[in-house]
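Student: Could you show me how to read aromatic pairs in a protein model?
Tutor: Gladly, let's look together.

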Amino acid sequence: MLDMKDRVAIDPAPVDVGARFSSREAAEKAIEQLAAANIARAQVEIVDESEGLQVARGAERRATRKALVRWHVLLGAAGAVLGILLWLFAWNARSTLVLAMPALMFFVAGAFGAVAGLLLGGLLSARPAKGLLATAAQDDARAGAFPVVVHATDREQARRAREILVAAHGDPYLIGAGS
């Protein structure tokens with residue numbers, strides 16, 4: 001299923017997918033299969049019960065910050081433009097409020113549009129699935145399972161990684177963009 005992030009190539013944040021395995025040997029075999037499919041070992045980790053997800057956290061933080069800025073700038077500017085277009089429509093429709101205070105209404109329309117765009121940008125750049133995946137993997141590790149998490153670079157790699165994890169008899173986490 002495609003969502004807006006699939007259509008707009010502006011989101012640089014990696015995609016996390018994972019599966020739980022009943023034994024460490026099965027998890028290691030899955031990692032070998034991932035490596036055979038050209039998924040770098042540095043992108044894959046078996047979650048330890050004492051530590052959380054450790055691999056690629058710095059790159060993920062940078063990518064998340066970049067995504068936050070990009071979505072906010074793009075949608076904030078689009079909202080401001082939409083607000084100004086609505087002001088122009090009201091001006092041409094001879095709205096008494098706009099005709100009485102044109103400069104103030106111009107500012108208000110642009111400002112409200114920008115704020116609406118910024119709010120939408122925040123909504124699109126939120127990544128609740130990352131926290132859900134990390135929590136589920138840590139809970140499974142504490143329960144004695146061996147979760148394998150792949151920090152994929154794009155949605156296609158996430159899809160391939162998920163297929164490999166399922167083929168290796170892992171129980172996939174059904175959260176996140178790659179599921």
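**Aromatic pairs**

Tutor: Searching the whole structure gives two aromatic pairs. Rings of Phe, Tyr and Trp (its six-membered ring) pair if their centres lie within 6.5 Å; planes under 30 degrees apart count as stacked, over 60 as edge-to-face and the rest as tilted. This is a predicted model, where local features need pLDDT of at least 70, side-chain atom pairs count only at pLDDT 80 or more, and totals for chains, interfaces and linings use all residues. Residues are numbered from 1 along each chain as its sequence is written, and side-chain values use heavy atoms, leaving out hydrogens and water.

Student: How is a pair described?

Tutor: A pair of aromatic rings is described by the distance of the centres and the angle of the planes.

Student: Why is the pair of Trp 87 and Trp 91 stacked?

Tutor: Their planes are at 25 degrees, with the ring centres 5.4 Å apart, so the pair counts as stacked. Both residues belong to helix α3 (residues 57-92), four residues apart, about one turn of the helix. Helices (H or I, at least four residues) are DSSP runs, numbered from the N terminus.

Student: Is Trp 87 buried or exposed?

Tutor: Trp 87 is buried, at 14% relative accessibility. Buried means under 20% relative accessible area, exposed over 50%, partly exposed in between (1.4 Å probe, protein chains only). Trp 87 also forms an edge-to-face pair with Phe 106, at 5.1 Å centre to centre and 85 degrees between the planes.

Technical notes
Helices (H or I, at least four residues) and strands (E, at least two) are DSSP runs, numbered from the N terminus.
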